[in-house]
Amino acid sequence: MEITIRKVDKEEVWEIRHKVMWPDKAFDYIKLNDDGLGMHFGLFKESTLISVISLFISNSECQFRKFATLHQEQGKGYGSSLLDYAMKEAQNNGVKKIWCNARMNKANFYKKFGLEETNASFIKDGKQYVIMKKYM
Ligand SMILES: CC(C)(COP(=O)(O)OP(=O)(O)OC[C@H]1O[C@@H](n2cnc3c(N)ncnc32)[C@H](O)[C@@H]1OP(=O)(O)O)[C@@H](O)C(=O)NCCC(=O)NCCS
């Protein structure tokens with residue numbers, strides 16, 4: 001089974017974002033105004049895209065957003081490989097601080113990557129989030 005991680009176009013990440021994160025919303029809900037400015041990465045199993053993540057770099061800070069793996073492929077380590085790759089790419093682009101609005105139920109997952117919870121949290125669309133960050 002060949003696994004490849006590479007940069008993809010914004011249009012390529014939209015379907016997985018929608019399917020995995022907000023299937024009950026209209027398709028356009030998962031598009032971000034800043035998508036044109038982001039760096040998008042995808043993990044492919046053979047030629048099928050199964051996990052996506054988007055980086056938004058400004059100065060030496062990077063926010064990662066809309067990280068999603070197809071349901072049937074979750075829990076197999078693909079997301080971890082993609083996040084590792086994206087964090088290295090961020091570092092290669094001069095990023096000193098990486099952060100995200102983490103769904104509360106993913107906080108422990110991100111801790112494995114060295115991200116720490118800040119005391120900023122919020123609720124959006126019925127989901128609870130905590131801001132997590134890491135200096136690199
Ligand atoms: C967050 C998300 C992208 C992670 O992707 P993933 O491909 O499932 O990630 P991994 O498989 O690397 O890791 C998921 C879990 O499986 C575990 N795992 C990793 N490799 C594994 C393996 N080979 N065998 C068994 N478990 C494994 C990880 O330790 C992790 O455990 P944890 O959640 O208890 O910390 C995915 O869960 C997802 O799409 N969730 C819905 C959308 C979402 O919440 N996005 C993030 C918003 S902040």
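Around the ligand stand 18 residues, and Phe67, Gly77, Gly79, Ser80 and Lys112 come nearest. The model is predicted. In it, the ligand sits in the largest pocket. That pocket has a volume of about 850 Å³.

- Threonine 69 places a polar side-chain atom 2.8 Å from an oxygen atom of the ligand.
- Glycine 75 takes part through its backbone: a polar atom there is 2.9 Å from a ligand oxygen atom.
- Lysine 106 has an N or O atom in its side chain 3.3 Å from an oxygen atom of the ligand.
- The ligand exposes 930 Å² when taken alone, and the protein buries 70% of that.

**The shell around the ligand**

- Three helices are among the elements that give two or more residues to this shell: H1 (10-21), H2 (78-92) and H3 (107-111).
- Strands E4 (61-69) and E5 (97-103) also give two or more residues each.
- By class, the shell has eight nonpolar residues, six polar ones and four charged ones.

**The largest pocket**

- Lys106 is the lysine whose side chain has an N or O atom 3.3 Å from a ligand oxygen atom.
- H1, E4, H2, E5, H3 and strand E6 (116-124) each give two or more residues to the lining.
- E4 gives the most, with seven residues.
- By class, the lining has 15 nonpolar, 10 polar and eight charged residues.

Terms used: Residues numbered from 1 in each chain as written. Predicted model: local features only at pLDDT ≥ 70, side-chain atom pairs only at ≥ 80, totals over all residues. Heavy atoms only, no water. Near = heavy atom within 4 Å. Polar contact = N/O pair within 3.5 Å; in protein donor to acceptor, adjacent residues only side chain to side chain. Areas by Shrake-Rupley, 256 points an atom, 1.4 Å probe, with all protein chains shown as cover. 1 Å grid on protein atoms, 1.4 Å probe; cavity = no way out; pocket = protein on both sides within 12 Å on 5 of 7 lines; lining within 4 Å. Sits in = over half its atoms within 2 Å of the grid points. Helix = DSSP H or I, 4+ residues; strand = E, 2+ residues; numbered from the N terminus. Nonpolar A, V, L, I, M, F, W, Y, C, P; charged D, E, K, R; others polar. Points joined across faces, edges and corners; volume = space filled by probe spheres on them.
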